[in-house]
Amino acid sequence: MKHFKAIAAMSLNRVIGDGNKIPWHLPEDFKWFKAKTVGNIALMGRKTFESLGRPLPNRRNLVLTRHPQKLLHEHPDVFEHFHEWRGGKDVGDDIKRPYQLFIPRVKARGREDLLLFKSLELIDPNEFDCDIFVCGGAQIYEQLLPRCSDLFLTVVKREVAGDALFPRFEDFFKLDEIVRDEAEFEIRHYRNPDPVSA
Ligand SMILES: NC(=O)c1ccc[n+]([C@@H]2O[C@H](COP(=O)([O-])OP(=O)(O)OC[C@H]3O[C@@H](n4cnc5c(N)ncnc54)[C@H](OP(=O)(O)O)[C@@H]3O)[C@@H](O)[C@H]2O)c1
């Protein structure tokens, strides 16, 4: 049975974002995020996607929104065209059944796939041949952390002002390892021994 994995960075007072941006700049942590997610799948909420402004390169990007048409029309620079998925066609080697509602094509961005989902129930990690990393933001962590087997959490060693907070995870995750300890941040690997199945 395969489960989601989560990757996040929070401050000592649990802040993960402010004004739809990440309120720190830690290039070493970004390199870590990249190393974990490249070649895998980055799953994110619509607000996080808009904050990035483009799909993350060299990864399949899954974006959750209840209003895919609105997102597509508000970002003509990102979405060239799309078609509504009604099943019956092969859409990629690692997708076993046709559950996407929209498959936008990203302008001149090669292998970067960008798939929009209207509902979490449509995403089953068992149907992908790589890891699905839950990449935020707060709403998505809140819903999916109980379903994650692993959490890679960067703890930024200071208090930061912000409006997006990391939800409680301590009740169901156990610390496995401190992966890195730097002056400004620490990377922790937590495991969830009993992730909730969909
Ligand atoms: N530090 C970190 O590790 C980290 C990582 C990522 C993000 N962030 C920060 O987190 C903040 C954003 O978090 P957020 O909670 O405001 O937004 P978010 O979780 O990124 O996105 C929320 C949106 O996702 C869609 N959504 C949520 N649940 C859904 C569901 N079950 N089915 C379909 N769509 C669903 C909705 O989009 P629609 O409204 O379009 O329907 C909702 O408005 C930003 O400040 C960002 O910088 C921090």
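## Structural report on a predicted protein–ligand model

Of the contacts in the protein chain between residues at least 6 apart in sequence, 68% join residues at least 24 apart; two residues are in contact if their C-beta atoms, placed from the backbone, lie within 7 Å. The model is predicted, and local features need pLDDT of at least 70, side-chain atom pairs count only at pLDDT 80 or more, and totals for chains, interfaces and linings use all residues. Residues are numbered from 1 along each chain as its sequence is written.

The protein chain contains four helices and twelve strands. Helices (H or I, at least four residues) and strands (E, at least two) are DSSP runs, numbered from the N terminus. Of the 198 residues in the protein chain, 33% are buried. A residue counts as buried if 20 or more other C-beta atoms lie within 10 Å of its own, as exposed if 12 or fewer do, and as partly exposed in between, with C-beta atoms placed from the backbone.

Strand E1 (4-11) is mostly covered, as eight of its eight residues are buried. On one side of E1 lie Phe4, Ala6, Ala8 and Met10, and on the other Lys5, Ile7, Ala9 and Ser11; both faces are covered. E1 runs parallel to strand E9 (residues 148-156), to which eight bridges join it; two strands pair if DSSP finds at least two bridges between them. Within this pairing, Ile7 stands opposite Phe152 in E9. E1 also pairs in the parallel sense with strand E8 (residues 132-134), over two bridges, and Lys5 has Phe133 of E8 as its bridge partner.

A nonpolar core is a set of buried Ala, Val, Leu, Ile, Met, Phe, Trp, Tyr and Cys residues joined through C-beta atoms within 7 Å. The largest such core has 41 residues, and those with the most contacts inside it are Ala6, Ala8, Leu43, Phe133, Val134 and Tyr141. E1 supplies the largest share of this core, six residues. Leaving aside neighbours within four places in sequence, Val134 is in contact with Phe4, Lys5, Ala6, Leu43, Ile140, Tyr141, Leu144 and Cys148.

**Strand E4 and its partners**

Strand E4 (residues 60-64) is largely enclosed by the rest of the structure, because five of its five residues are buried. Arg60, Leu62 and Leu64 point one way from E4, whereas Asn61 and Val63 point the other way. E3 and E4 run parallel and are joined by five bridges, and Ile41 has Arg60 of E4 as its bridge partner. The chain passes from E3 through H2 to E4 in a right-handed β-α-β crossover; right-handed here denotes that, with the strands pointing away from the viewer, the path from the first strand over the helix to the second runs clockwise.

| Strand pair | Bridges | Bridge partners |
|---|---|---|
| E1 and E8 | two bridges | Lys5 and Phe133 |
| E3 and E4 | five bridges | Ile41 and Arg60 |

**The ligand shell**

Around the ligand there are 29 residues, of which Gly17, Gly45, Lys47, Gly136 and Gly137 come nearest; a residue is near a molecule if its C-beta atom, placed from the backbone, lies within 6 Å of it. The elements that give two or more residues to this shell are strand E1 (4-11), strand E2 (15-17), strand E3 (41-45), helix H2 (46-52) and helix H4 (138-144). By class, the shell has twelve nonpolar, twelve polar and five charged residues. Ala, Val, Leu, Ile, Met, Phe, Trp, Tyr, Cys and Pro count as nonpolar, Asp, Glu, Lys and Arg as charged, and the others, Gly among them, as polar.

**Backbone and loop features**

Most residues other than glycine have a negative phi, and most peptide bonds are trans. The peptide bond from Gly136 to Gly137 is cis, with omega near 0 degrees, and Gly137 lies in the loop between E8 and H4. Asn20, in the loop between E2 and helix H1 (27-37), has a positive phi of about 60 degrees although it is not a glycine. Asn20 counts as exposed because it has 12 C-beta neighbours inside 10 Å. Asn58, in the loop between H2 and E4, likewise has a positive phi, near 60 degrees. With 13 C-beta neighbours inside 10 Å, Asn58 counts as partly exposed.

Phe169 is placed in the loop between strand E10 (164-165) and strand E11 (174-181). Phe169 is partly exposed, with 19 other C-beta atoms within 10 Å. Not counting residues up to four places away in sequence, Phe169 touches Leu145 and Leu151. The C-alpha atoms of Phe169 and Pro146 are separated by 7.8 Å, although the two residues are 23 residues apart along the chain.
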